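Morning, everyone. Let's look at charged pairs and then one surface patch. Here is the model.

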Amino acid sequence: MYLLVQAARAAARSRVVEYADQIAMTLLGVIAQRILAHQPVRQMHVYVRAGTDGALALGMMNAVVENGWVDTEFITKHSVAPFLVKPDTHKFLRLSDLGRAEAKSDADKIVVMGKDGTVDIPENIPDPVIEGTFDVEGQSVITAYTLLLERRAEWPVERAAGITGISAADIVELTRTMCVDSPTTIYTVFGADHYYNGHWNYTCMTALAILTGNLGKPGAGFCGSASAGTLYQNLKEVSNVPCPIEKTQSLPAYSMAETILTGTHNGKPFDLRGLFVNFGDPVANIASRDKTIEAVKALDFLVVSDIMFSETAAYADILLPACYWFECEDMMSQLSSHPYLVYSAAALDPLGESKSDF
């Protein structure tokens with residue numbers, strides 16, 4: 001297996017492509033069945049310009065297509081590749097567009113096309129076409145995969161090389177490693193989202209994983225940033241654990257600013273007037289920094305608990321001193337890197353009046 005680490009640090013004896021602080025990327029050797037400490041590793045070290053993760057992923061997608069490395073079976077069965085799209089609105093064609101269901105009803109499902117021209121829901125067409133432009137009852141439609149092919153065509157490997165600073169040969173070799181010597185896990189946390197439109201970096205990385213079939217199988221997956229909405233793609237069994245406590249309203253961090261400023265979330269009222277921030281720094285870590293600052297300023301009350309004066313702490317009404325992880329006994333999980341609960345013992349007494357978050 002291989003591990004492609006983007007915009008994060010990692011230390012593991014598996015094949016790793018690492019974007020360390022969005023600058024360094026390292027490829028280490030892999031041992032598939034077990035890790036042998038004495039086994040020498042093969043290394044490939046390249047540098048990528050900060051914030052160009054999406055451009056690299058687009059260039060790699062182009063290499064995937066040009067070299068015939070697309071996992072056609074995977075994208076046909078497990079992605080939106082065969083879904084029909086209305087090019088004028090970029091919305092999926094649904095049964096209601098064909099007069100077969102009431103719009104926005106539970107029965108109003110997305111449709112695909114069979115090789116014989118039949119248009120129906122995916123459950124009724126086991127082997128749909130994934131590429132082409134068609135006319136369905138007078139409506140022009142195109143497959144989602146064809147749209148992706150058109151978009152990636154704008155990013156040949158040479159263009160990606162010029163933007164990322166990685167040679168075209170290295171991009172192709174990196175892609176070959178991911179596709180031919182798979183499975184591969186793309187591991188990324190924060191970093192690539194710290195730029196204008198940074199969320200598209202994650203969209204491109206996710207599309208790369210889907211195109212190569214590196215999702216939902218042992219050794220493959222995408223562990224992404226919370227601000228990209230990709231955090232739980234491979235951890236569904238963790239997030240679906242039954243909870244005996246009645247759940248209150250919740251929202252993803254990347255929706256926080258919009259919710260505060262509009263008072264709504266997903267079209268429903270959500271009056272968020274106060275915030276307690278711990279174990280995080282939304283002003284520094286969520287895309288659309290200006291909008292996030294505007295949102296925290298609009299709050300009636302903001303409390304921040306942190307080990308240092310973070311960027312979010314600068315806007316706090318109350319700042320609480322939190323002790324370091326080695327100063328308190330704790331249990332924690334880090335779902336962006338693994339699904340396990342980790343016990344941490346205290347090594348020192350807390351400094352001054354600092355306390356643990358809990």
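A salt bridge here is a side-chain nitrogen of Lys or Arg within 4 Å of a carboxyl oxygen of Asp or Glu. This is a predicted model: local features need pLDDT of at least 70, side-chain atom pairs count only at pLDDT 80 or more, and totals for chains, interfaces and linings use all residues. Residues are numbered from 1 along each chain as its sequence is written, and side-chain values use heavy atoms, with hydrogens and water left out.

Start with Glu173 and Arg176. Their side chains meet in a salt bridge, 3.1 Å from N to O. They sit 3 residues apart in helix H5 (residues 168-180), so about one helical turn separates them. Helices are DSSP runs of H or I, at least four residues, numbered from the N terminus; strands are E runs of at least two. Asp181 joins Glu173 and Arg176 in a network of salt bridges.

How many salt bridges does the whole structure hold? The search finds 14.

Next, Arg152 and Glu66. Their closest N and O atoms are 2.9 Å apart. Arg152 lies in helix H3 (residues 144-152) and Glu66 in helix H1 (residues 53-66), so the pair ties together parts 86 residues apart in sequence. Buried or exposed? Buried means under 20% relative accessible area, exposed over 50%, partly exposed in between (1.4 Å probe, protein chains only). Arg152 is buried at 13%. Glu66 is exposed at 57%.

Last, Phe276. Phe276 is in strand E15 (residues 274-278). At 47% relative accessibility, Phe276 counts as partly exposed.
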